[in-house]
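Biologist: Hi! Could you walk me through this one?
Modeller: Happy to, have a look here.
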Amino acid sequence: MDNRELIEKAKKAMENSYSPYSNFKVGACLLCSDGTIFTGCNIENGSYGATNCAERTAIFKAVSEGKRDFSKIAIVSSSGDLTFPCGICLQVMAEFMIDKEVILEDNNGDIKIFKVKELLPFAFNL
Ligand code: THU
């Protein structure tokens with residue numbers, strides 16, 4: 001599955017975003033090394049800290065289904081511009097895919113690629 005397809009699937013997942021508090025929709029599409037994909041959206045809560053980001057929704061869906069080998073993750077938001085994962089999501093990515101890629105789209109429609117370790121160079125590790 002190429003990066004453009006992953007971005008398009010992330011956009012489709014973003015449609016399910018539950019974000020009445022921020023009005024900021026996020027979608028993610030995670031590609032597993034066996035070719036399966038898991039999508040996610042942000043899910044907000046009136047108790048704001050209970051909010052789950054799109055990236056973690058996708059990763060937790062995958063891990064809960066027995067997948068741990070990931071190739072890349074695409075992330076989009078309603079900003080229409082590059083949306084970098086938050087620190088908590090980067091920490092979760094560091095657990096499962098530190099050497100893998102984060103695929104983003106800028107406001108010109110161009111795809112930009114970053115390594116998780118580039119975005120979180122000194123990740124905490126037990
Ligand atoms: N959000 C994500 O889904 N992923 C991120 O990496 C950063 C933030 C969501 C959480 C919240 O619903 C909204 O964006 C505004 O912070």
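This is a predicted model: local features need pLDDT of at least 70, side-chain atom pairs count only at pLDDT 80 or more; totals for chains, interfaces and linings use all residues.
Biologist: So what is buried in H2?
Modeller: Ala54, Glu55, Arg56, Thr57, Ala58, Ile59 and Ala62 are buried in H2. Buried is under 20% relative accessible area, exposed over 50% and partly exposed in between, with a 1.4 Å probe and protein chains only. Helices (H or I, at least four residues) and strands (E, at least two) are DSSP runs numbered from the N terminus.
Biologist: Thanks! What covers the buried residues of H2?
Modeller: The cover includes S1, strand S2 (37-41), S3 and H3.
Biologist: And which residues of S1 are buried on each side?
Modeller: Val26, Ala28, Leu30 and Cys32 are buried on one side, and Gly27, Cys29 and Leu31 on the other.
Biologist: How do S1 and S3 run, and how many bridges join them?
Modeller: They run antiparallel, with seven bridges; Leu30 has Ile73 as its bridge partner in S3.
Biologist: Switching topic, which residues touch the most other members of the largest nonpolar core?
Modeller: Leu30, Ile73 and Met93, out of 23 residues. Such a core is a set of buried Ala, Val, Leu, Ile, Met, Phe, Trp, Tyr and Cys residues joined through side-chain atoms within 4.5 Å.
Biologist: What gives the most to this core?
Modeller: H3, with six residues.

Definitions and conventions
Residues are numbered from 1 along each chain as its sequence is written. Side-chain values use heavy atoms; hydrogens and water are left out. Contact means heavy atoms within 4.5 Å. Two strands pair if DSSP finds at least two bridges between them.
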